[in-house]
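Please keep the sequence and the model in view while reading.

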Amino acid sequence: MSTLVAPPYDVIPEGDLARYEALSPFNVVHVTRPGSDYERAARTFEAWEKDRILQADEPSMYVHEVTFNGRRRRDLIAALRLQPYEDRVVLPHERTHRGPKEDRLALMRATHASLEPLWFVYEGRASGLKQINEVVSKRSPAVAFTGPESTEHRLWTITDRVIHAAVHAAFEGMPVLIADGHHRYETALAYAEEVGGPEDASSRFTLALLTDIDDPGLEVLPTHRVLKAGVKVTGGEEMPSLDAMLAAIRNRVAVGAYHDHQFQVLPLEGEMALVELHEQVIDNILGKRNPEDFLMYTRDAAQAVRWVDEAAGTGAFFLDTPDLRQVLKLAQEGKTLPQKSTYFYPKPPSGMVFLRLEPNRRL
């Protein structure tokens, strides 16, 4: 399995693609990253099925476990019914752009498959889902493998209809927050409307990986911003170093700033530092200009500093780890956050499970 999986399609650097392709002719990137040759991806996927490289499971759910940096996270993988955002069941928290959706829709039209699980989080304190995951994971896993970035994975298959019913009942009426895959969720919605099918058709679902918001292994990383143009921000609390600045913004509605070799902390008014940074600072600097045309993003704070020192940007802004409950609260209120507001880590590898999307196949 280690040679067959890869990170989600949109986090593989172009320079790493050939390495994953060379791991195996059956590595998942041959279908998730086909360039613009979507029909080739479809032929490849169909050949894998015909030659039994891929084999169909009986109706199943899965428990997925990832171990990384001394931590462990457990997820549930299942088919999730697609519902429009206005139903307030599936909650987005980031804005999307047109380009990635067009690419993924063309691939879905060609392959008729959900090739990668979309990632969702939920509040499951009283749901019993944690106990289900624990019971299942006491068995021997169906497969264990090393994934990207030296992560260790185990996967259990759940075929017991009683457990399926318990999971279904636990999620009934529970909203889920899109953690990773906003573009792909909207693509799946568009595809479902195109192909139609009854309510229980597989085309009305998406492959989903679901994680409890209280899972101790659920890690969310901040994404820092570098402005490519605009005036410098002054008037903050001066800090002696990058580390001191990052420590000073922890658990505060405040952001770090860097320009002219100086670090500052900018206290902000409001609920969430990321939102207030854009509304109170970045939007004021840029005026009516589109922020996406003037922003660069990185999770590496030292890299943001280097970009400013190398004159790639005029200034950098640094964020603390986002509060997931705050993100969920804002999503439930219908508020959309700026691009790249969260980075959930580590990403679930693609290639573990696929879901055929067919209007005449019932789930």
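The text below takes up the sheet, then the cavities, and then a pocket with a strand that helps to line it.

This is a predicted model, in which local features need pLDDT of at least 70 and side-chain atom pairs count only at pLDDT 80 or more, while totals for chains, interfaces and linings use all residues. Residues are numbered from 1 along each chain as its sequence is written, and side-chain values use heavy atoms, with hydrogens and water left out.

**The sheet and its helices**

Helices (H or I, at least four residues) and strands (E, at least two) are DSSP runs numbered from the N terminus, and two strands pair if DSSP finds at least two bridges between them. Six strands form an open sheet with antiparallel pairing, in the order S12-S14-S13-S16-S11-S15. Its edges are strand S12 (237-239) and strand S15 (295-298), each of which pairs on one side only. On average, and with direction ignored, neighbouring strands of this sheet are turned by 25° against each other; axes here are lines fitted to C-alpha atoms, for helices over the stretch in contact, and angles run from 0 to 180 degrees between N-to-C directions.

Within the sheet, three bridges join strand S13 (residues 254-259) to strand S16 (residues 315-318) in the antiparallel sense, and Tyr258 has Ala316 in S16 as its bridge partner. Helix H9 (residues 273-286) packs on the sheet, where it touches strand S11 (224-227), S13, S15 and S16, and its direction makes about 0° with that of S11; contact means heavy atoms within 4.5 Å. Helix H10 (residues 301-309) also packs on the sheet, touching S11, S13, strand S14 (262-267), S15 and S16, and its direction makes about 165° with that of S16.

**Cavities and a pocket**

On a 1 Å grid over the protein atoms alone, a cavity is a set of points where a 1.4 Å probe fits but cannot get out, whereas a pocket is an open set with protein on both sides within 12 Å along at least five of seven lines; lining residues have an atom within 4 Å of a point. Grid points are joined across faces, edges and corners, and a volume is the space filled by probe spheres set on the points. The structure holds four cavities of 30 Å³ or more.

| Space | Volume | Lining residues by class |
|---|---|---|
| Largest cavity | about 150 Å³ | six nonpolar, three polar, three charged |
| Second largest cavity | about 70 Å³ | seven nonpolar, three polar, one charged |
| Second largest pocket | about 580 Å³ | six nonpolar, eight polar, eight charged |

In these classes, Ala, Val, Leu, Ile, Met, Phe, Trp, Tyr, Cys and Pro count as nonpolar, Asp, Glu, Lys and Arg as charged, and the others, Gly among them, as polar.

The lining of the largest cavity includes Arg104, Met108, Glu116 and Arg184, and H4 gives the most to that lining, with four residues. The second largest cavity takes at least two lining residues from each of S13 and S16, and Tyr258 and Ala316 are among its lining residues.

The second largest pocket is lined by 22 residues, of which Asp10, Val11, Glu94, Asp180 and Lys340 lie nearest its centre. Strand S8 (176-180), H7 and S15 each supply at least two residues of this lining.

**Strand S8**

Strand S8 is largely enclosed by the rest of the structure, because five of its five residues are buried (under 20% relative accessible area, with a 1.4 Å probe and protein chains only). Strand S3 (residues 90-91) runs parallel to S8 and is joined to it by two bridges, with Val90 opposite Val176. Strand S5 (residues 118-122) runs antiparallel to S8, joined by three bridges, and Trp119 has Asp180 as its bridge partner there.

Conventions
Buried means under 20% relative accessible area, exposed over 50%, partly exposed in between (1.4 Å probe, protein chains only).
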